[in-house]
Amino acid sequence: MTATAILAQAEAADFRYVVTPNVDHLERLRRQPGLRPLYQEAWLCLFDSRCLARLLGLFGRATPPVVTGADLTADLLPRLAGMRVAVIGMADADFAALRLRYPAILFHRHAPPMGLLTNLAAQEDVLDFLRQLQPRVSFFAVGSPVQEILAHRLWREGGGSGVGLCIGTALAFAAGTARRAPLWMRRAGLEWLHRLIREPRRLARRYLLAGPRLLLALGLAEIRSGHRAREGG
């Protein structure tokens with residue numbers, strides 16, 4: 001259903017974008033509230049953590065629909081045959097594998113340099129590439145928060161087209177160059193554990209520090225909220 005809505009929007013002249021926040025994103029937003037418009041002004045905000053969605057439910061917190069970036073990308077790619085599609089980022093080998101797996105898609109890639117978050121000239125190059133290409137779908141695969149910043153800038157400043165998806169490493173899963181968790185782990189909300197085991201050095205901070213800090217902050221907020229409610233009663 002989400003992929004169908006994206007394909008319909010891809011026909012529109014004006015650019016819109018989709019974000020898929022996870023635990024790391026939410027912890028960053030807690031520390032840097034100035035980034036919230038990147039998510040609040042997105043066309044679609046889809047939650048990328050079944051585990052955290054369940055935990056938030058215990059606190060009575062509402063969450064956006066749980067549609068992971070990896071699932072959305074896997075659902076969407078087979079339906080993009082014949083379309084002009086932009087890829088921002090990806091390693092050379094990953095992109096080559098993606099093109100082999102989906103030869104009917106008209107892929108165009110722009111590989112920005114490292115340090116894109118603080119390199120405003122390189123950000124402008126990305127936006128110029130997308131404005132000139134006018135793709136139906138754009139995949140921003142350069143990590144958060146820079147991928148959301150780029151999509152938000154293109155939406156605010158204009159000149160883009162179609163739909164942009166901020167999906168992190170999802171294209172590597174689709175290309176087959178990165179391995180996803182088994183289906184039973186995904187359904188159980190344990191995909192984060194599979195990724196942590198496979199990439200402990202890169203993901204330990206996200207899952208062992210950022211996640212617990214976020215949950216602690218939410219728990220304290222609920223305690224304070226309950227205390228104020230009792231005092232008001």
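Colleague: Which residues does α7 carry on the face turned away from its buried side, and what makes them exposed?

Modeller: That face holds L120, A121 and Q132. They are called exposed because exposed means over 50% relative accessible area, buried means under 20%, and partly exposed lies in between (1.4 Å probe, protein chains only). Keep in mind that this is a predicted model, where local features need pLDDT of at least 70, side-chain atom pairs count only at pLDDT 80 or more, and totals for chains, interfaces and linings use all residues. Residues are numbered from 1 along each chain as its sequence is written, and side-chain values use heavy atoms, leaving out hydrogens and water.

Colleague: Which residues of α7 are buried?

Modeller: A122, Q123, V126, L127, F129, L130 and L133. Seen down the axis of α7, they fall within an arc of 155 degrees, so they line one face of the helix; the arc is that of the directions from the helix axis to the C-beta atoms.

Colleague: What do the buried residues of α7 pack against?

Modeller: Their partners are β3 (84–89), β4 (106–110), β5 (137–141) and α8 (146–157). Contact here means heavy atoms within 4.5 Å. Helices (H or I, at least four residues) and strands (E, at least two) are DSSP runs, numbered from the N terminus.

Colleague: How do you know what span is expected for α7?

Modeller: The expected span is 1.5 Å times one less than the number of residues. With 14 residues (120–133), α7 reaches 20 Å from its first C-alpha to its last, close to the 20 Å expected.

Colleague: Which residue caps the N-terminal end of α7?

Modeller: N119 does, with a side-chain oxygen 3.3 Å from the backbone nitrogen of A121. After the helix comes Q134, whose phi is positive, near 55 degrees.

Colleague: Now the sheet: what is the order of its strands?

Modeller: This open sheet of 6 strands runs β2-β1-β6-β5-β3-β4, with parallel pairing. β2 (44–45) and β4 stand at the edges with a single partner strand each, so one side of each has no neighbour in the sheet.

Colleague: What makes β5 and β6 a pair?

Modeller: Two strands pair if DSSP finds at least two bridges between them. β5 and β6 are joined by 4 bridges and run parallel, with G164 as the bridge partner of S138. From β5 the chain crosses through α8 to β6, a right-handed β-α-β crossover.

Colleague: Are the residues of β6 (163–166) buried or exposed?

Modeller: Buried, on both faces: V163 and L165 on one side, G164 and C166 on the other.

Technical notes:
A polar contact is a pair of N or O atoms within 3.5 Å; within protein, one must be able to donate a hydrogen and the other to accept it, and residues adjacent in sequence count only if both atoms are side-chain atoms. A crossover is right-handed if, with the strands pointing away from the viewer, the path from the first strand over the helix to the second runs clockwise.
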